[in-house]
Every structure is written in C-alpha cells, then in structure tokens.
Amino acid sequence: MRRSPWLVVTAAVVAVGTLAKLHAAATWGLLADEAYYWVWSHQLAWGYFDQPPAIAGWLAGARAIAGDGE
C-alpha cells in the first residue's frame, strides 16, 4: 500500500507546528490576558468585566491540580 504524498506533507506540517507551539509554551512567560485570567482564578465570581466565569473556574481547577506556577 502506497501512502499519498499529501498525507506525508500534512503529517510533517502538523508535527512541525506542534513542536513550534511546544517550544513557544516552554520559553515564553505569561502574556497580559493570561495573567489577567490567572488573577481572576484567585477570586472566583459569577462574572467578570468582559468574560463569563468559566475561564476563572477552569484555571482555579488547574491550579488545584497542577500547582500555582506558569
């Protein structure tokens, strides 16, 4: 069975993109929006200035499981 060249190219693009995103996540610090949401996760409320409460709730849960680091 012969593989389509498009399948190989697509797999290579996905692999390179995934590696680039992992590298960026490992080397960059928190961005402004991410830090804003992180602050919300310390003081849970039913809603925030421009977002529903789900973001803060998810981050509070993640902080409880994985700790309080970046």
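Let's start with a definition. A patch is built from residues with over 30% relative accessible area and no salt bridge; like charges are joined within 9 Å, and nonpolar side chains (Val, Leu, Ile, Met, Phe, Trp, Tyr) within 5 Å. Asp and Glu count as negative, Lys and Arg as positive, while His and the chain ends are not counted. A charge is placed at NZ of Lys, CZ of Arg, CG of Asp or CD of Glu. Areas come from the Shrake-Rupley method with a 1.4 Å probe, and for residues only the protein chains shown count as cover.

Two words on the source. This is a predicted model: local features need pLDDT of at least 70, side-chain atom pairs count only at pLDDT 80 or more, and totals for chains, interfaces and linings use all residues. Residues are numbered from 1 along each chain as its sequence is written, and side-chain values use heavy atoms, without hydrogens and water.

Now the negative patch. Asp33, Glu34, Asp50 and Glu70 gather on the surface. Glu70 sits in the segment after helix H3 (54-66); helices are DSSP runs of H or I, at least four residues, numbered from the N terminus. Glu70 is exposed because its relative accessibility is 76% (exposed is over 50%, buried under 20%, partly exposed in between).

Next, the nonpolar patch. Trp6, Val9 and Val13 make about 360 Å² of it. Trp6 belongs to helix H1 (residues 5-27). At 67%, Trp6 is exposed.

How many salt bridges are there? The count is 1, where a Lys or Arg side-chain nitrogen must be within 4 Å of an Asp or Glu carboxyl oxygen. Arg63 and Asp68 form a salt bridge at 2.8 Å, N to O. Arg63 is partly exposed at 24%, and Asp68 is partly exposed at 45%.

Terms used. Helix = DSSP H or I, 4+ residues; strand = E, 2+ residues; numbered from the N terminus. Buried < 20%, exposed > 50% of the residue type's maximum accessible area, 1.4 Å probe, protein only.
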